[in-house]
Structures are given as C-alpha cells and as structure tokens.
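The sequence and the model are shown first.

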Amino acid sequence: MAKAKAPRRPLESCTIKHINKTINAGDCVLMRPADQSNPQYVARIERIDADARGGNVKVLARWYYRPEESIGGRRQFHGSKELFLSDHYDVQSADTIEGKCTVHSFKSYTKLDAVGNDDFFCRFEYNSSTGAFNPDRVAVYCKCEMPYNPDDLMVQCEDCSDW
C-alpha cells in the first residue's frame, strides 16, 4: 500500500535563505528558469505552504507572461518591461525564487521617476489557452492609433496637440 502524503500547512510567509528575503502571499517574485539562457520568470505568489516539519516549502505561483510568450507575440506598442497576468498557476519549490520584483499598474509605471531592473508593468490579463486579453482593447493615441508604449518618447502631434 502506498504511503499517504504528509499534510501540508499554510504559511504566512517564508524566508528564502539564499537571497535573504522574506516572501509573503501576494508578492511578485523572479523565478529561476530551467534553461539559464532564458530570462527569469515572473510570478505572483498566491499561497505558501510547508510539510508538517516546516521544511519543503512550496508556493502556488500565478505566472506573468512576456509578450513574446503569448499567442500573437510581441507587438510594437509593448514596452520592454511589459507583462501579462495569466490564468496559469503552478506549484513550485520556494528554492526556485531568485528575488522579489514589483509589477506596477500601467498608470503607476508611467509615473515612475526611474525604472529599476526589478520594475515591470501589467495592463492586460491573459488567457493562456485561448490567447484572449482582458481588456481586449486599449486606448490609442493620435493619428497613428497605436497604444502607448512607455519606452517611446511621445512628442506633440501637429494635428491634435496631444503629447
């Protein structure tokens, strides 16, 4: 007869020793990819739990996708630090967490005085199975009718005087 799995208990937080940071549910983190040539994955921690002895800490991660990982790929208006909050969840070892990061709303990101390496923004939710976005439309600007890319300098339009 197979051994029953040891019950897991929820944790409020956990300290990741190799980075000396405390992680709480709701934090956004950078996670180690299997292939080190790929960029770190970004996830929001939904839940933290451990085995009965307090070891073997696991996290429920809700993944952010980069535009190039989505159906349709990266488009001209996607910022270099843009992510999509997906409906894709996985249980991962807490040992794969390599650091904390901040995923800002689009509006708060555009107001940052300086963007750090660990700053990202999200303006869409993404359905990983259908490729659908929510919202499915985004405000466009001026005659070019392109959504705003915070990486591009926007100059005043000669026709509408928008900046």
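A disulfide is counted where two cysteine sulfur atoms lie within 2.5 Å of each other. In this predicted model, the count by that rule comes to zero disulfides. Cys28 is in no disulfide, and the nearest cysteine sulfur, that of Cys101, is 5.3 Å away.

The chain averages a pLDDT of 86, and 80% of the residues score at least 70. Among the elements of the chain, the highest mean pLDDT, 98, belongs to strand β4 (residues 28-31), whereas the lowest, 63, belongs to strand β11 (residues 140-141).

A further cysteine, Cys14, lies in strand β2. Cys14 is buried, with a relative accessible area of 8%. Its contacts, not counting residues up to four places away in sequence, are Lys21, Thr22, Ile23, Ile48, Val57 and Ala94. One of these, Ala94, is 80 residues from Cys14 along the chain, yet the C-alpha atoms of the two are separated by 8.5 Å.

The nonpolar interior comes next. In soluble globular proteins, nonpolar side chains tend to be buried together. Here, the largest nonpolar core has 20 residues, and the members that touch the most others are Ile23, Met31 and Ile97. At least two residues of this core come from each of β2 (13-16), β4, β5 (41-51), β6 (58-65) and β9. Apart from this core lies another, of ten residues, among them Val42, Tyr64, Cys101 and Phe120. As for Ile97, leaving aside residues up to four places away in sequence, it touches Ile16, His18, Ile19, Ile23, Val29, Leu30, Met31, Ile45 and Val59.

A search of the whole structure finds nine aromatic pairs. In one of them, the rings of Phe106 and Phe121 have centres 5.4 Å apart and planes at 55 degrees, so the pair is tilted. Because Phe106 lies in helix α1 (residues 106-110) and Phe121 in strand β9 (residues 119-126), this pair ties together parts that are 15 residues apart in sequence. Phe106 counts as buried at 19% relative accessibility, and Phe121 does so at 0%.

Phe121 also pairs with Tyr109: their ring centres are 4.6 Å apart and their planes stand at 35 degrees, so this pair too is tilted. Tyr109 lies in helix α1 and Phe121 in strand β9, so the pair ties together parts that are twelve residues apart in sequence. Both Tyr109 and Phe121 are buried. Elsewhere, ring pairs link Tyr65, Phe84, Phe124, Tyr126 and Phe133 into a cluster.

Which charged residues sit over aromatic rings? The charged end of Lys81 sits over the ring of Phe120, 4.7 Å from its centre. Arg123 lies over the face of Phe106, at 4.5 Å from the ring centre.

Methods
Residues numbered from 1 in each chain as written. Heavy atoms only, no water. pLDDT = per-residue confidence, 0-100. Helix = DSSP H or I, 4+ residues; strand = E, 2+ residues; numbered from the N terminus. Phe/Tyr/Trp six-rings, centres within 6.5 Å; stacked < 30°, edge-to-face > 60°. Buried < 20%, exposed > 50% of the residue type's maximum accessible area, 1.4 Å probe, protein only. Lys NZ or Arg CZ within 6 Å of the ring centre and 35° of its normal. Core = buried A, V, L, I, M, F, W, Y, C linked by side-chain atoms within 4.5 Å. Contact = heavy atoms within 4.5 Å.
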